[in-house]
Amino acid sequence: MPTSPVLRRPGVPVSPRTSEGHPPRWTGRPGGHLVRAVLVALVVALGMVGLAVPAQAATCPCSLWSDSDVPAVVDAGDPAAVELGLHFTVDVASPAVGLRFYKADANTGVHVGSLWTADGQLLARTTFAGESANGWQQVTFDAPVQLAAATVYVVSYHTNVGHYSVDPQAFSTTGRDNGILHAPGGTAGVPNGIFAYSPDPTFPTGTFNGNNYWVDPVIGTNAPVLTGIVVTPPSASIMVGAQATLTATGSYSDGSTADVTGQVTWTSGAPTVATVSAAGVVTGTGAGTASVTATLGSSSATSVLTVRRVTAVAIGGAPATLAKGLTKQLSATATLSDGTTVDVTSTATWASAKPSVATVSATGLVTATGVGSAAVSASYGGASTSATVTVTAATLVGLTVTPVAPTIGRLGSVFLTATARYSDGTLTNVTGQAQWSSSSFLLASVANFLTPGRVQAFLFTGTVQITAGYGGLQTRVPVTIR
C-alpha cells in the first residue's frame with residue numbers, strides 16, 4: 001500500500017505510518033532527523049504560516065491564499081503520482097471559476113485540476129497550461145460551476161511526478177478563511193488535506209495528520225446566478241434509428257452565457273419515440289413526437305423532436321428501356337409516416353438483380369451492359385421497391401469518315417473509309433454499306449459500287465464535299481483538288 005503523501009525530503013523525515021502500520025522507508029542523509037524536528041517545531045510555533053491565522057477578508061474573485069503565501073515545505077520529495085486536494089465551502093452561492101496549486105521546481109509534467117462534490121461527483125476538470133517553473137499555478141474551468149452555500153466541495157490536482165508542496169499538520173487544529181471562502185480544519189467529520197495515490201486523476205479520500213497540500217479554489221466575481229436555459233435546436237426531425245445532438249446554453253444574472261449541456265438533466269417525455277443521453281444525444285426509437293427537456297436547478301427548456309419512419313419507397317425513371325452501353329439516372333423518393341416525401345436518391349441503397357444486363361451505382365445511375373431485363377431495387381429506412389430495366393441491342397450513335405480532309409492532284413484519287421460507332425462503344429467499318437455522294441461532279445466523283453468510297457478527281461481544281469450516309473446519319477468531309 002502507498003504511504004501517505006507527507007514530507008519525504010531527503011534528510012528531513014517525519015516518521016509517519018503506512019496503511020500496513022509500518023513506518024515508510026526514508027532516504028535521508030545522516031543527521032536529517034534533527035533538521036526535520038527543528039523545522040516542524042518552527043512551523044507549529046509560527047501557527048502554520050499562512051494557515052492558522054485567517055487571511056484578511058477580500059471581495060471576490062478570491063481564493064484562500066494570496067500570491068505571497070508560500071508553503072513551509074515547497075518540495076516534499078515524494079516522487080509518486082498522486083491526487084492532492086482540499087475540502088472547502090462558501091457562505092453564499094458563488095461560481096467556482098478555477099483552481100490553483102503551489103508548484104515546486106521538480107513538480108514537472110502534466111497537471112490536471114478537478115472540482116468535485118463531497119461524495120466524489122466530478123463537476124469540472126481541466127488541464128493546466130502555460131505553467132511557470134515554480135510558485136502558484138492557476139487554471140480556469142471551461143465554464144463556471146455554481147456552488148451552493150454552506151455545502152462541502154473538493155478541489156484537487158493530479159501530478160504524475162509528486163514533489164508536491166506541504167505544510168504538515170496545518171489543518172489538524174484550525175482551518176483557513178478568506179471572506180466567504182472557508183477550508184475546515186480540526187474537524188473529524190470533514191478532515192482536510194486529502195490525497196489519493198493514482199497514475200490518473202481520481203477523487204482523493206485519504207488524509208494524514210491534517211497536512212495541507214496547497215490546493216486552492218478560485219471563486220468568481222458577483223456570484224452570477226443561472227437565470228434561464230435555451231436548448232438548440234428548439235425543434236428537430238430525424239428518422240427512426242437516427243441520432244441528433246442537442247445543446248443546452250445557460251444564461252446568468254451577469255449577462256454571461258455558458259454551455260451547460262453536460263450539467264443539465266436530460267429527460268424525454270416519450271421514450272418510445274425518442275431517448276436522450278446525459279450528453280444530449282437523442283435517438284429516434286419510434287414514429288411520433290417527443291419533448292426533450294433540459295433541467296438545471298429551477299430552470300428548464302424543451303426541444304420538440306419529430307421522429308419519422310419510412311412507409312414506402314418509389315423509383316422514378318423506371319421501368320426503362322436502354323440500348324446496350326447507354327446510361328440512365330433513376331431517382332428514389334421515400335414517403336414518411338407523416339405523409340411527407342423526401343428525395344433519397346443519393347442515400348438509398350441501390351442494387352441490380354442482373355449486373356450482366358444492367359448495373360446501378362450508389363446514386364442510382366443505371367448502365368446497360370447486356371441485352372435482356374434486370375430488376376433494379378432501391379432500399380431506404382427499412383422500405384424497398386424495384387423496377388425493370390430492359391436492355392436492347394446497341395444502337396448507332398455516330399458515323400466518321402477518314403481521312404478527314406485529304407488533298408489530291410488533278411485526275412488523282414483517294415479512298416475514304418466510313419466507320420459506325422454504336423452505343424456500347426463498338427466500331428464497325430461500313431464503307432461498303434454507306435451511301436456516298438459528291439457535292440460537285442465537275443471536280444470529283446465518289447464510287448458506291450466496286451470500290452466504295454473511292455474519290456476520283458477531274459481536271460478542275462478546288463474543294464469538293466464528299467458525304468457518307470449510314471443508318472440515318474450523315475458525315476461530310478472536304479477533299480481538296482490541286
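**View 1. Aromatic pairs, and the pair of Trp 65 and Trp 214.** In this predicted model there are eleven aromatic pairs, where rings of Phe, Tyr and Trp (its six-membered ring) pair if their centres lie within 6.5 Å, and where planes under 30 degrees apart count as stacked, over 60 as edge-to-face and the rest as tilted. Trp 65 and Trp 214 form a tilted pair, with 5.3 Å from centre to centre and 35 degrees between the planes. This pair links distant parts of the chain, 149 residues apart, since Trp 65 belongs to the loop between helix 1 (32–45) and strand 1 (82–90), while Trp 214 belongs to the loop between strand 10 (206–207) and strand 11 (215–219); helices (H or I, at least four residues) and strands (E, at least two) are DSSP runs, numbered from the N terminus. Trp 65 and Trp 214 are both buried, a word that stands for under 20% relative accessible area, with exposed for over 50% and partly exposed in between (1.4 Å probe, protein chains only).

**View 2. Tyr 102 against Trp 214.** The ring centres of Tyr 102 and Trp 214 are 6.3 Å apart and the planes stand at 65 degrees, so this pair is edge-to-face. Because Tyr 102 lies in strand 2 (residues 94–103) and Trp 214 in the loop between strand 10 and strand 11, the pair ties together parts that are 112 residues apart in sequence. Tyr 102 counts as buried at 12% relative accessibility, and Trp 214 is buried with a relative accessible area of 0%. Together, Trp 65, Tyr 102, Trp 136 and Trp 214 form one aromatic cluster.

View 3. Arg 100 lies over the face of Trp 136, at 4.0 Å from the ring centre; a charge sits over a ring if NZ of Lys or CZ of Arg is within 6 Å of the ring centre and within 35 degrees of the ring normal. In strand 5, Gln 138 is the bridge partner of Arg 100, and strand 2 and strand 5 pair in the antiparallel sense over nine bridges, with two strands said to pair if DSSP finds at least two bridges between them. The open sheet of three strands has the order 5-2-11, with antiparallel pairing. Strand 5 (135–147) and strand 11 stand at the edges with a single partner strand each, so one side of each is left without a neighbour in the sheet.

**View 4. Strand 17 and its partner.** Strand 17 (residues 265–268) has a covered face made of Trp 266 and Ser 268, and an uncovered one made of Thr 265 and Thr 267. Strand 17 pairs with strand 20 (residues 288–296) in the antiparallel sense over four bridges, and Trp 266 stands opposite Ala 294 in strand 20.

**View 5. Surroundings of Thr 89.** Thr 89, placed in strand 1, counts as buried at 17% relative accessibility. Leaving aside residues up to four places away in sequence, Thr 89 touches Thr 151, Val 152, Ile 180, Leu 181 and His 182, where contact means heavy atoms within 4.5 Å.

**Notes to all views.** Residues are numbered from 1 along each chain as its sequence is written.

Terms used. Predicted model: local features only at pLDDT ≥ 70, side-chain atom pairs only at ≥ 80, totals over all residues. Heavy atoms only, no water.
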